[in-house]
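Colleague: I am new to this structure and would like to learn how to read its features one at a time. Could you give me the general idea behind each feature before turning to the case at hand?

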Amino acid sequence: MITNNPSDPQNLKTLTKQRDFFKGLLIGVGILWPLIIAAAFYFYYKKNSIALFIPSITVFIGFLPIYLRFKSLDAEIKSK
């Protein structure tokens, strides 16, 4: 019988892998999101089109749950 012991090294390793994966996603978005915003401003001033602001806001809102999951994983790992 396998118990879910909070100090189980396998569980801690899994949590660390998940945290690192989410951290990588957030770093990638942190690099791409300013570029998307810059492109939105560029096309707004050149073409007078506000259409690219919608994806830039959607990317931010879409990755908000990933950020919250990352913070909870980080807190859980620190508590163990």
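Modeller: Let us begin with secondary structure, where helices (H or I, at least four residues) and strands (E, at least two) are DSSP runs, numbered from the N terminus. Read along the sequence, this protein follows the pattern α-α-α, and its secondary structure comes to three helices and zero strands. Please keep in mind that this is a predicted model, in which local features need pLDDT of at least 70 and side-chain atom pairs count only at pLDDT 80 or more, while totals for chains, interfaces and linings use all residues. Residues are numbered from 1 along each chain as its sequence is written, and side-chain values use heavy atoms, with hydrogens and water left out.

Colleague: How should I read burial, and what percentage of the 80 residues counts as buried?

Modeller: Buried means under 20% relative accessible area, exposed means over 50%, and partly exposed is in between, all with a 1.4 Å probe and protein chains only. By that scale, 15% of the 80 residues of the protein count as buried. Accessible areas come from the Shrake-Rupley method with a 1.4 Å probe, and for residues only the protein chains shown count as cover. The accessible surface of the protein comes to about 6200 Å², of which 69% belongs to carbon and sulfur atoms.

Colleague: Which residues form the largest nonpolar core?

Modeller: A nonpolar core is a set of buried Ala, Val, Leu, Ile, Met, Phe, Trp, Tyr and Cys residues joined through side-chain atoms within 4.5 Å. In soluble globular proteins, nonpolar side chains tend to be buried together. Here the largest core has six residues, namely Leu15, Phe22, Ile66, Phe70, Leu73 and Ile77. Helix 1 and helix 3 are the elements that give two or more residues to this core, and helix 3 gives the most, with four residues. If contact is taken as heavy atoms within 4.5 Å, then Ile66, leaving aside its neighbours within four places in sequence, is in contact with Phe22, Leu25 and Leu26. For the protein as a whole, residues 24 or more positions apart account for 67% of the contacts with a separation of 6 or more.

Colleague: Which residues form a nonpolar patch on the surface?

Modeller: Patches are made of residues with over 30% relative accessible area and no salt bridge, where like charges are joined within 9 Å and nonpolar side chains (Val, Leu, Ile, Met, Phe, Trp, Tyr) within 5 Å. The patch on this surface consists of Ile27, Ile31, Leu32 and Leu35, with about 420 Å² of accessible area together. Leu35, which lies in helix 1, is exposed, with a relative accessible area of 54%.

Colleague: How are aromatic pairs read, and how many does the structure hold?

Modeller: Rings of Phe, Tyr and Trp (its six-membered ring) pair if their centres lie within 6.5 Å, and planes under 30 degrees apart count as stacked, over 60 as edge-to-face and the rest as tilted. The structure holds six aromatic pairs. Phe21 and Phe22 form a tilted pair, at 5.8 Å centre to centre and 55 degrees between the planes; Phe21 is exposed, with a relative accessible area of 53%, whereas Phe22 counts as buried, at 17% relative accessibility. Tyr42 and Phe43 form an edge-to-face pair, at 5.2 Å centre to centre and 75 degrees between the planes. Ring pairs also link Phe41, Tyr44, Tyr45 and Phe53 into a cluster.

Technical notes: A salt bridge is a side-chain nitrogen of Lys or Arg within 4 Å of a carboxyl oxygen of Asp or Glu.
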